[in-house]
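Student: Could you go through this fold with me, starting with the strands and then moving on to the helices?
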Amino acid sequence: MKDSRLIAFETLYDITMNGAYSNIALDNALKSCNASDKAFVSNLVLGVIERRITLDYLIKPYLSGKTKPKVMLILCLGAYQLYFMDKVPSSAAINSSVELAANTGVSYYKGLINAVLHKIDNNRIDIDSLDDLSVKYSCPQNLINMWKKMYGDEACEAILKSINLKPPVFAVPNSLYVDSQELSYELLNSGIQCEAVGELVRIDSPFELSKLKAYNDGLFHIQDKSSFDCAKALEAKKDETVIDICAAPGGKTFTIAEDMEGEGSVYAFDLYEHRIKLIENSAKRLGLTNVKVGINDAEIFNKDMPKADRILCDVPCSGFGIIRRKPEIKYKELDSIKGLPEIQLRILETSALYLKDNSRIIYSTCTLNKRENEQDAC
């Protein structure tokens with residue numbers, strides 16, 4: 001079996017050089033890991049992505065000229081272990097990085113890697129004391145400028161302090177079968193550290209969904225608390241017709257369907273068949289027979305769409321609110337998202353045409369960008 005640092009290197013190389021999505025690349029990589037290595041590999045991969053700007057700041061004073069991408073990636077892995085993984089001894093971080101060079105076709109640079117990492121280790125700085133917010137929080141300056149302009153300096157720094165924190169994981173009990181107390185009991189019996197928090201169960205230890213009996217038995221789905229709150233705000237009733245207009249991957253659909261006690265109709269739509277299949281399979285696992293799936297372009301009026309009592313319009317967005325889960329999002333070019341507000345408005349306007357009189361529609365995004373969330377944007 002491959003060394004854990006080599007797996008982390010190959011995963012990061014796929015993400016940085018081939019444009020792979022971090023969550024998908026990491027999920028695939030973890031399949032080839034020993035159970036004991038999975039947390040270490042996840043920490044390395046996500047940590048290097050999260051802290052790339054900070055790591056560049058630490059490394060570049062000791063380099064001159066262009067550096068091969070593989071060498072730079074090895075240096076980032078080594079520097080991350082030195083600065084952000086207290087349980088890894090400096091000698092292990094440095095020696096394993098030199099060995100990684102030999103295993104990735106850049107043996108010629110072993111001496112350089114060894115020298116640079118020793119200098120980084122011997123000349124440590126206090127990152128938390130830096131005035132440069134971009135380096136301190138490893139966030140592109142253009143994104144910081146946007147947040148400052150839209151939300152003010154104080155709110156911007158509060159956002160920056162949160163983006164590199166580990167996000168909590170919540171299980172949503174399938175209320176057709178269990179409540180949060182009963183689900184936490186099931187998970188505890190499976191060796192999962194967890195705690196019932198209101199209607200949800202916070203999971204506090206590593207786990208593999210596919211190996212959990214409670215998951216395979218349809219007793220829960222995983223969902224961010226903010227997404228759960230959004231679905232609950234719809235206040236769907238069991239005799240109603242509800243449309244989730246941009247539903248994939250389906251977490252909000254399932255929460256809504258469970259709120260309706262498995263009755264009524266929840267129509268879950270997406271533009272792509274493979275994403276609809278994901279919703280369909282999960283609804284089947286959860287025993288939610290009131291979920292009906294279909295392909296639909298949310299921007300174009302569909303005369304066959306049923307009239308709805310409630311509509312969730314959770315539109316495609318820039319995703320700046322989920323950086324903790326997908327850290328590469330913060331490196332997006334802001335020019336690449338300029339057209340999103342127009343698309344979002346078209347989806348909202350089209351969705352409103354399916355709404356019955358005196359009914360409810362909720363517009364939501366998972367981003368921190370006033371242009372995508374408020375009409376009177378900065």
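Student: How many bridges pair S8 and S9, and in which sense do they pair?

Tutor: In this predicted model, strand S8, which covers residues 308-314, pairs with S9 in the parallel sense over six bridges. Within that pairing, Ile 311 has Ile 361 in S9 as its bridge partner.

Student: What packs on the sheet there, touching S8 and S9?

Tutor: Helix H16, residues 340-352, packs on the sheet and touches S8 and S9, and its direction makes about 155 degrees with that of S9.

Student: And what is the order of the five strands in that open sheet?

Tutor: The order is S7-S6-S5-S8-S9, with parallel pairing. Strand S7 (291-295) and strand S9 (355-364) are the edge strands, each of which pairs on one side only. Neighbouring strands of this sheet are turned against each other by 20 degrees on average, if direction is ignored.

Student: Which strands does H14 touch when it packs on this sheet?

Tutor: Helix H14, residues 251-259, touches strand S5 (241-244), strand S6 (265-270), S7 and S8, and its direction makes about 175 degrees with that of S6.

Student: How many of the H14 residues are buried?

Tutor: Eight of its nine residues are buried, so H14 is mostly covered. The buried residues are Gly 251, Lys 252, Thr 253, Phe 254, Thr 255, Ile 256, Ala 257 and Glu 258. Just after H14, Glu 261 takes a positive phi of about 60 degrees.

Student: Switching to the sheet of four strands, what is its order, and is the pairing parallel or antiparallel?

Tutor: That open sheet has the order S2-S3-S1-S4, and its pairing is antiparallel. Strand S2 (194-197) and strand S4 (220-222) stand at the edges with a single partner strand each, so one side of each is left without a neighbour in the sheet. Ignoring direction, neighbouring strands of this sheet are turned by 30 degrees against each other on average.

Student: How many bridges join S2 to S3?

Tutor: Four bridges join S2 to strand S3 (residues 200-203), and the two run antiparallel; in S3, Val 201 is the bridge partner of Ala 196.

Student: Which strands of this sheet does H14 touch?

Tutor: H14 packs on this sheet by touching strand S1 (169-173) and S4, and its direction makes about 150 degrees with that of S4.

Student: OK, on to H9: which of its residues are buried?

Tutor: In helix H9, residues 141-151, the buried residues are Leu 143, Ile 144, Met 146, Trp 147 and Met 150. They cover an arc of only 160 degrees around the axis, which puts them on the same side of H9.

Student: What do those buried residues pack against?

Tutor: The buried residues of H9 pack against helix H8 (133-137), helix H10 (153-162) and helix H17 (370-373). Just after H9, Gly 152 takes a positive phi of about 90 degrees.

Student: Last topic, then: at what angle do the axes of H4 and H5 cross?

Tutor: The axes of helix H4 (residues 52-59) and helix H5 (residues 69-84) cross at roughly 100 degrees and come within 9 Å. Angles from 65 to 115 degrees count as roughly perpendicular, and H4 and H5 are therefore roughly perpendicular to each other.

Student: Which residues meet there?

Tutor: From H4, Arg 52, Thr 54, Leu 55, Asp 56, Leu 58 and Ile 59 meet Met 72, Leu 73, Leu 75, Cys 76, Ala 79, Tyr 80, Tyr 83 and Phe 84 in H5. The residues of this contact divide into eleven nonpolar, one polar and two charged.

Notes
Residues are numbered from 1 along each chain as its sequence is written. This is a predicted model: local features need pLDDT of at least 70, side-chain atom pairs count only at pLDDT 80 or more; totals for chains, interfaces and linings use all residues. Side-chain values use heavy atoms; hydrogens and water are left out. Axes are lines fitted to C-alpha atoms, for helices over the stretch in contact, and angles run from 0 to 180 degrees between N-to-C directions. Angles under 35 degrees count as roughly parallel, over 145 as roughly antiparallel, 65 to 115 as roughly perpendicular and the rest as oblique. Contact means heavy atoms within 4.5 Å. Ala, Val, Leu, Ile, Met, Phe, Trp, Tyr, Cys and Pro count as nonpolar, Asp, Glu, Lys and Arg as charged, and the others, Gly among them, as polar. Two strands pair if DSSP finds at least two bridges between them. Buried means under 20% relative accessible area, exposed over 50%, partly exposed in between (1.4 Å probe, protein chains only). The arc is that of the directions from the helix axis to the C-beta atoms.
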